Amino acid sequence: MWLNRSFRLLGLLPGPLRAAGRRVVRGSGSKSPDTSLFVPLSPRVSPGPEGNVGAELSRELDKSEALKVLNKFYKRKEMQRLGSESGLDARLFHQAFISFRKYVMEAESLNVDLHIILNDICCGAGHVDDLFPYFLRHAKQVFPMLDCMEDLRKISDLRLPANWYPEARAIQRKIIFHAGPTNSGKTHHAIQSFLAAKSGVYCGPLKLLAHEIYQKSNDAGVPCDLVTGEERSFVDPDGRQSAHVACTIEMCSVTTPYEIAVIDEIQMIKDPSRGWAWTRALLGLCAEEIHICGEAAAINLVMELMFDTGEEVEVVNYERLTPMAVLNTALESLDNLRPGDCIVCFSKSDIYSLSRQIETRGLECAVIYGSLPPGTKLAQAKKFNDPDDPCKILVATDAIGMGLNLSIKRIIFNSLVKPSINEKGEKEMDRITTSQALQIAGRAGRFSSAFKEGEVTTMNRDDLPVLQEILSRTVEPIEAAGLHPTADQIEMFAYQLPDATLSNLIDIFVSLSQVDGLYFVCNIDDFKFLADMIQHIPLNLRVRYVFCTAPINRKHPFVCTSFLKFARQFSRNEPLTFEWLCRHINWPLVPPKNIKDLVHLEAVHDVLDLYLWLSYRFMDMFPDVNLVREIQIELDSIIQIGVKNITRLIRASDSISTTTAAGAEDASVYGGIWINERTNVENMNSKDQVYIGSRRIRGSKILGYRGEVYKAEMPGDSLSARLVQQGHLTAELLQQLQEEWAASHGLQTSRNATTQEPSKSTSRGLRKKKK
């Protein structure tokens with residue numbers, strides 16, 4: 001009964017995850033566990049009466065004879081077969097035997113029954129096979145999951161997820177799929193139904209989109225609340241909930257009844273990290289009518305998922321409202337830029353480089369990329385859209401693909417290659433997909449903008465035919481929807497495996513999980529990263545799980561160290577007050593003087609987001625929400641000043657050193673990674689660890705880390721290296737510039753200009769100057 005009730009609760013809490021396992025066809029047999037994930041435990045030897053009772057009842061055990069018996073037992077094929085039938089594959093059998101042999105040979109006194117049976121075998125009065133029950137008893141102490149494998153399989157069975165939502169299954173829902181490309185009016189029509197309803201919920205992928213619907217609804221006279229991971233805004237001054245709510249999709253309630261629900265960007269149900277949230281909303285929202293908006297590629301999958309719920313899907317197709325043309329010529333030179341142009345890059349380093357090159361041509365440009373705060377993105381979008389502002393060029397990442405209304409005439413792809421993370425967690429460079437290309441290109445010539453026709457092209461001539469081929473392809477149908485383990489499932493796992501770490505529990509869960517062909521298990525890498533980071537901090541399982549679902553950017557060392565300090569302060573039951581937080585982030589902060597400062601301010605903004613996210617889950621421990629929100633708004637304004645003067649910051653960064661590591665979304669802007677500021681690591685203890693790129697630095701080492709540049713991980717990506725490769729500078733001229741700069745600062749240089757690695761003497765000089 002308890003197990004069934006727990007399964008009904010599955011899917012109620014958010015969590016992070018990606019396609020991590022093989023899809024198993026519905027009705028298939030049990031999935032073989034990955035036993036490499038089973039961590040052996042030290043056996044618990046129950047204390048017996050004083051003295052060696054086994055020796056008193058029989059005689060002292062001859063350890064040399066016992067060793068021969070044990071080795072003979074290990075080599076017996078029959079014993080290995082029996083072990084396999086009990087769940088011990090060759091690996092587990094070997095590890096269990098090593099532990100069993102160590103126990104027999106090193107224990108001062110054995111369990112009485114084991115002592116007697118070993119003596120009998122040594123004396124020829126018993127058979128070596130008689131040891132197996134005692135060996136298996138020991139093996140189950142070493143690998144406790146062997147005793148509860150069937151229970152673990154039941155808990156991790158993710159088939160038929162539609163049954164997890166009894167409230168939704170209790171009503172007959174009407175599903176309307178608004179299918180069409182970007183700028184086709186599909187979401188507009190769904191929102192009209194939302195506004196006309198007595199009650200409704202809008203579920204979007206971004207805070208910006210949720211905020212837009214929140215404002216649009218209230219402006220239309222329909223009271224609407226806003227709920228995101230970091231923010232709750234209620235129209236009613238007393239905090240009573242309105243009938244309408246706009247939320248990020250992870251925050252939607254699957255128990256509250258609504259008349260209308262809108263699920264935006266349904267194609268993200270395939271997202272390797274967040275797809276589970278769209279699956280949960282689609283299967284679990286308790287609404288009489290659900291309006292789904294997104295690409296037509298998701299129609300078949302949605303119909304199959306709704307077949308399990310017994311609900312029919314009505315499809316409404318839309319065409320693009322304004323024409324979009326793929327040009328026959330590439331831009332080739334920034335001299336050919338026109339008002340309304342947007343250059344799309346896939347790395348910050350390219351954004352910085354292009355911004356400066358555009359400025360040298362006497363043009364102003366706006367800049368938008370993913371790690372900027374929402375307020376800064378909106379300010380840059382407003383600047384670009386303003387017909388009276390001299391800024392007519394936009395340089396952005398694919399962050400413009402959703403959530404911002406931009407007046408773009410022409411999209412220019414600076415590159416068609418985008419960094420991605422494969423299933424092993426390794427960084428790869430992949431060509432953008434048709435879906436991604438259409439999403440970005442579709443931002444040109446939007447219906448409500450100043451440009452009624454859109455154009456798309458590339459920066460480089462060689463990329464243009466590739467882009468034309470990508471855009472001409474049909475978007476591949478979406479085949480599977482994401483799922484993830486919830487806190488309830490992990491708690492049930494922990495009940496069975498009380499000594500396993502949270503990271504190990506998640507690994508075993510995914511290893512044993514069964515899904516049918518319409519689903520996949522989302523990525524758990526970020527979750528495990530955070531779980532490993534705070535494993536040494538004493539927290540109960542539910543709190544640990546919630547901390548590990550926090551949406552943080554693990555590429556920022558300052559954010560990671562802040563996460564550690566938050567967890568440690570929480571574990572001491574000491575509230576994280578506004579004063580404590582201000583000391584940690586060195587508030588007040590000043591406008592950035594270079595790119596490194598700007599990146600650090602972005603990281604601080606992420607830390608404030610983390611505080612607000614945790615405050616809505618642990619209100620007593622994070623009490624100063626309003627004060628933190630006030631300084632976050634102020635920090636957003638400071639970052640806006642920096643972005644407004646970004647080309648000046650770039651010049652300042654270049655003047656410091658061509659080897660300055662500026663920290664970026666792609667882990668390197670000018671060739672390395674910084675730990676930002678000394679305050680990042682103060683108060684850390686020796687057990688804490690921070691991950692920088694592929695390096696793991698433990699607390700004892702971090703305490704002495706002063707933020708200097710370490711050896712560049714990607715020297716070929718630095719600005720100076722690219723200038724040399726492109727022929728704008730010679731290696732000799734670059735060396736001369738470095739030596740002149742070093743001489744002006746009283747430093748020495750070595751002949752390593754092309755590799756961008758500071759010499760030891762230069763590094764020492766930097767440290768001396770810093771002191």
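Biologist: Where is confidence lowest and where is it highest?

Modeller: Helix α1, residues 2-9, has the lowest confidence, at a mean of 32, and β6 has the highest, at 98. Over the protein the average pLDDT is 82, and 79% of the residues score at least 70.

Biologist: And over which residues does pLDDT stay under 50?

Modeller: One stretch is residues 1-29, for which the model has 98 contacts beyond four places in sequence, and another is residues 748-771, with 44 contacts counted in that way. Where pLDDT is low, the predicted coordinates should not be read in detail.

Biologist: Okay, on to the sheets; what order do the strands take in the one with eight?

Modeller: The order is β4-β3-β5-β2-β6-β7-β1-β8, in an open sheet with mixed pairing. The edges are taken by β4 (232-233) and β8 (313-317), each of which has a single partner strand, so one side of each is left without a neighbour in the sheet. Helix α10 (residues 186-196) touches β1, β2, β3, β5, β6 and β7, with a direction that makes about 160 degrees with that of β7, whereas helix α13 (residues 299-309) touches β1, β7 and β8 and makes about 165 degrees with β8.

Biologist: How many bridges join β3 to β5?

Modeller: Four bridges join strand β3 (residues 224-227) to strand β5 (residues 244-248), and the two run parallel. In that pairing Leu226 has Ala246 of β5 as its bridge partner.

Biologist: What about the sheet of six strands, which strands stand at its edges?

Modeller: That open sheet has the order β9-β16-β13-β10-β12-β11, with parallel pairing. At its edges stand β9 (324-326) and β11 (365-368), which each have a single partner strand, so one side of each lacks a neighbour in the sheet. Neighbouring strands here are turned by 20 degrees against each other on average, with direction ignored.

Biologist: Which way do the side chains of β10 point?

Modeller: Asp341 and Ile343 point one way from β10 (residues 341-344), Cys342 and Val344 point the other way, and all are buried. In a regular strand the side chains alternate between the two faces of the sheet. As for its partners, β10 pairs in the parallel sense with β12 (residues 393-396) over four bridges, where Ile343 stands opposite Val395, and four bridges also join β10 to β13 (residues 410-413), where Val344 stands opposite Phe413. Phe413 in turn stands opposite Thr458 in β16, and helix α16 (residues 434-441) lies across β9, β10, β13 and β16, running at about 140 degrees to β13.

Biologist: Switching topic, where does Asp516 lie?

Modeller: Asp516 lies in the loop between α19 (502-512) and β18 (519-521). Asp516 is buried, at a relative accessible area of 1%, and its side chain reaches the backbone nitrogen of Leu518 at 2.9 Å.

Biologist: Last one, which residue caps the N-terminal end of α21?

Modeller: Asn540 does, with a side-chain oxygen that lies 3.1 Å from the backbone nitrogen of Arg542. Helix α21 (residues 541-548) is mostly covered, since six of its eight residues are buried, among them Arg544, Tyr545 and Phe547. The buried residues of α21 pack against α18, α19, α20, α22 and α24.

How values were computed. Residues numbered from 1 in each chain as written. Predicted model: local features only at pLDDT ≥ 70, side-chain atom pairs only at ≥ 80, totals over all residues. Heavy atoms only, no water. Pairing = 2+ DSSP bridges. Contact = heavy atoms within 4.5 Å. Axes fitted to C-alpha atoms, helices over the stretch in contact; angles between N-to-C directions. Buried < 20%, exposed > 50% of the residue type's maximum accessible area, 1.4 Å probe, protein only. Polar contact = N/O pair within 3.5 Å; in protein donor to acceptor, adjacent residues only side chain to side chain. pLDDT = per-residue confidence, 0-100.
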